[in-house]
Number of protein chains: 2
Amino acid sequence: MRTAVCERLGVEFPLFAFSHCRDVVAAVTNAGGFGVLGAVAYSPEQLDTELTWLDEQVGGRPYGVDVLVPGKVDDAALGGGHLMDAVPERHRDFVTHLMAKYRVSGAAQPMPVTADSFGRRVTASGATGLVDVALKHPIGLIASALGPPPPEMVAKAREAGVPVAALVGTVEHARRQVAAGADLIVAQGTEAGGHTGEISTMVLVPQVVDAVAPVPVLAAGGIASGRQMAAAMALGAQGVWCGSVWLTTEEAETAPAVKRKLLAASSLDTVRSRSRTGKPARQLKSAWTQEWDAAQESPGPLGMPLQMLLAEGAMARIGAAAEKGEPGALELANYFVGQVVGQLGQVKPARQVVYEMIAEFGEAVERLARLSE
Amino acid sequence: MRTAVCERLGVEFPLFAFSHCRDVVAAVTNAGGFGVLGAVAYSPEQLDTELTWLDEQVGGRPYGVDVLVPGKVDDAALGGGHLMDAVPERHRDFVTHLMAKYRVSGAAQPMPVTADSFGRRVTASGATGLVDVALKHPIGLIASALGPPPPEMVAKAREAGVPVAALVGTVEHARRQVAAGADLIVAQGTEAGGHTGEISTMVLVPQVVDAVAPVPVLAAGGIASGRQMAAAMALGAQGVWCGSVWLTTEEAETAPAVKRKLLAASSLDTVRSRSRTGKPARQLKSAWTQEWDAAQESPGPLGMPLQMLLAEGAMARIGAAAEKGEPGALELANYFVGQVVGQLGQVKPARQVVYEMIAEFGEAVERLARLSE
C-alpha cells in the first residue's frame, strides 16, 4: 500500500500491532505489518534480551518499541524510599478484603520484588532507560503511550534516526505531542483497550488529522478487522494501531483463563476504570473493577503508579488462582481490552489475523468504490 | 449512489437527517438526502399540520417520521391521574433549588399544560396516535427511536407499504428489532447525541451488519462529514443517520443561546446523562447535568417519562432566561448533541451541509481507492 507512513517506515501494510508478547510482534512484522513491543513490563536488561531475539526473527523487517510515559507523574514526588511505602494502609486492607471475600488462594501477597523498579519505569526518567536500550537495536519506531515524549527521548531518537510516535486521545494532546517533537500521532478512541480518553475513534481521528497535518496519523480503538481498518483510513488515517485483536492469537501469552473470558465477552463487557493503573484504562469488566469503582467500602483507586503496583501484585495472585479454576479468582480476573473484544471468538495465528485484515480491507475498499459508479 | 437502501427508499444519497425542525427535513430532502422529522414534541394534530407543510415543500421526494417508543415504559403503571402527580416532592424541590442557586428568572414554573399528553406520547399507545397521522401522508419511512416497534405500528406501516426503521445500540437489540418486524436498522454508537448505548459506532456497526444481514443497516453516531460517512459505509452500513450536524444549520430552530454553546463546544463537552429524559442520553455538559449527576443533594434522575416532564418544564424557563443573557441560566442550558459537536464551528444552510458531505464522501472514497493502486 502507498501511504507516507508505509514509505517512511518501510512497511508493506500499515497495520501496527501493539503487543507485550515478542512472538506476536515477530509474527505481524513477518506477515507484512509492523509489530510494536510494549516494553513497560521489562527491565532494561530484559528488554535487551527480547529485542535481540526479535532482531534474529524479523530479518531486518521493521518493528518498534513502546514505552509508557505518563506526563503527570512526578518522579521527585514519589520520594526516595520504596514506592510501596507510599500505598496507604486502607488500600492494602481493601485488597486483603477482596482476597478474602472472593476466597482467592495463595499467600497475602508480598509486593513483587520488582515492584519498585517497575513503578519507576513508568516515570519519565524510568522510560528513558528503556529508550537507551531500544535505540541500540535496529528499531523502526519508538512510541510513547501516555504524555508527551520527554525532550531527552526525542533528542536521542532523532540522533538515531528513529521516528517517535505518540498516542493521544484529544486534539489538544495531539498538538502538544507534535510541539514536543512527535513524528507520528496515534489518535486513539475511547473504545480502545488500555489507557483511553472519552472521544470515539470516528470523531477523534478526522479532527486530529486536520489539526496536525502534515504529520501523519494512525487510528487506534475499535479496529480489529479489514472493514474497520478501511473505515479508519477513510477518516484520514494513514494506518491503524491495533492491540486487543492480538490478545486471542495463538502467539499471545495471555493467561488461559483470561483468554477464555476474552473469547466469551461481548462488546458490552468492557469498562473504562482507574482500578488497575490509577488512570482511566479500558478493560474487561470484572469483580475487580466493580468492587473498586462501586463498592461502598472501596477507598477508590490511587494514582499512577501506586494503583498499578497494588493491582499488579494482587493480579499476580488472582491470576494464579484463576488458572486453578477458583471461581472467586475467575470473577476478579480481567485484562486491558477494547470494545472489539466482542468480535474475538476464536484463537488464530497472528499471521492469519494480518492476512484476513488485508483481504477484508481490499474488499471494503472495492465495495465502497463500486457504490459511486 | 447505489445501495439497496437508496433503491428501496428512492433516495439519491443515503444521508438521513433526523431533525425536530421541518425546515431542516425539507432542505435535506430537497438536496438529495432523506429528512426524518422527530415527532415526539408534537400532538397528533400538530404533526398533521407539519407533515402537510412538508408534503408541499418536497414535491414527492422521500422523507420520514420518527417516533419515540421506549420499550420499558408501561402505560398502565403510570396510572390514570395526571403524570406530574407521580413526580416526588424532593425532585420538584431539587429543581426549585437549582433555579434559586443559579438565579434563574421567571415564575416557579407551573408544569406546561401540555406536559401530561406529552408524557403519554412517549408510551407505546401514545406513539401509535402519531403513527396513525403519519401514515395518512406520503411518507417513505417510519422510525422508532427507542425499543422495538409495537406490533400494531408494524402492522399499520406494512399495510401502508411504509418501511419501518429502528434505532439500536447493541447487537441483541438489533436482532430483537428485526424479529419485531423492522425493515431497516439504525446502529447508533455511543458518541451519538440523544439516547445512546455504550458501544462505539466503529465497533457496533460491523457487528450489527453481520447479525441482521440481509436487513440493511444505517450507521449513526459520530457522523457529520463526508469522511465519516465514507468510514461508516466502509464498515458495511448502507447509509448514515445524522442528527447533531443539523442543530447548527440556518434552518434549525435551536435556541440562539444554545446554538452559541454548541458552536463553541469541543468533543469533550458532552456527557451521557439521565438528567433530561430519565434514560442515558448524550447532551452538552452543563450545570444541569453536573448538578443532577454529581451534586450531593441531588435526588438522582427519575425514570422516563417523569424526568423528561420535570426537565422539559425546567428547561423552558431556563431557556427563556438564557436568551435574556442571564449567566446562571446560560450555565444550566444544554441540548442533546453527539461528540461531533466539536466539528461544528459555523452556521450553514442545511443544503450546504449535504453538498459538502457528498463532495467529501467522494474524495474519501477516491483517496482510499488510490491507496491500493
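Biologist: How many residues of chain B are in contact with chain A?

Modeller: Please keep in mind that this is a predicted model. On the side of chain A, 43 residues take part in the contact, and the number of residues that chain B contributes is 43.

Biologist: What area is buried between chain B and chain A?

Modeller: The size of an interface is often given as the accessible area lost when the parts come together. Carbon and sulfur atoms give 61% of the area buried between these two chains. In chain B, the residues that lose the most area to chain A are M202(B), R227(B) and L371(B), which together make up 19% of what that side buries. The area buried between chain B and chain A is about 3500 Å².

Biologist: Which residue of chain A meets R227(B) in a salt bridge?

Modeller: The count of salt bridges between chain B and chain A is two. In the pair you ask about, the side chains approach to 2.8 Å, N to O, which lies within the 4 Å cut-off for a salt bridge. The partner of R227(B) is D210(A).

Biologist: Which helices of chain B each supply at least two residues of the side that touches chain A?

Modeller: Between chain B and chain A, 17 residue pairs are in polar contact, both residues being at pLDDT 80 or more. The helices of chain B that each supply at least two residues of the side touching chain A are α9 (201–212), α10 (226–234) and α15 (350–371).

Biologist: Is T201(A) buried or exposed?

Modeller: T201(A) is found in helix α9 of chain A, residues 201–212. Beyond its sequence neighbours up to four places away, T201(A) touches several residues, including P206(A), L235(A) and, from the other chain, M202(B). A polar atom of the T201(A) side chain lies 2.8 Å from the backbone oxygen of G221(A). Because its relative accessible area is 0%, T201(A) is classed as buried.

Biologist: Turning to the domains within chain A, how many salt bridges does the rule find across the interface of domain 1 and domain 2?

Modeller: In chain A, 22 residues of domain 1 are in contact with 13 residues of domain 2, and the area buried between these domains is about 1400 Å². Seven residue pairs, both at pLDDT 80 or more, are in polar contact between the two domains. The side of domain 1 that touches domain 2 divides into nine nonpolar, eleven polar and two charged residues. Across this interface, the number of salt bridges found is zero.

Note on methods. Residues are numbered from 1 along each chain as its sequence is written. Chains are lettered from A and ligands numbered from 1 in the order in which they are written. This is a predicted model: local features need pLDDT of at least 70, side-chain atom pairs count only at pLDDT 80 or more; totals for chains, interfaces and linings use all residues. Side-chain values use heavy atoms; hydrogens and water are left out. Contact means heavy atoms within 4.5 Å. Buried area is the accessible area (1.4 Å probe) that two parts lose on being put together, summed over both. A polar contact is a pair of N or O atoms within 3.5 Å; within protein, one must be able to donate a hydrogen and the other to accept it, and residues adjacent in sequence count only if both atoms are side-chain atoms. Ala, Val, Leu, Ile, Met, Phe, Trp, Tyr, Cys and Pro count as nonpolar, Asp, Glu, Lys and Arg as charged, and the others, Gly among them, as polar. Helices (H or I, at least four residues) and strands (E, at least two) are DSSP runs, numbered from the N terminus. Buried means under 20% relative accessible area, exposed over 50%, partly exposed in between (1.4 Å probe, protein chains only).
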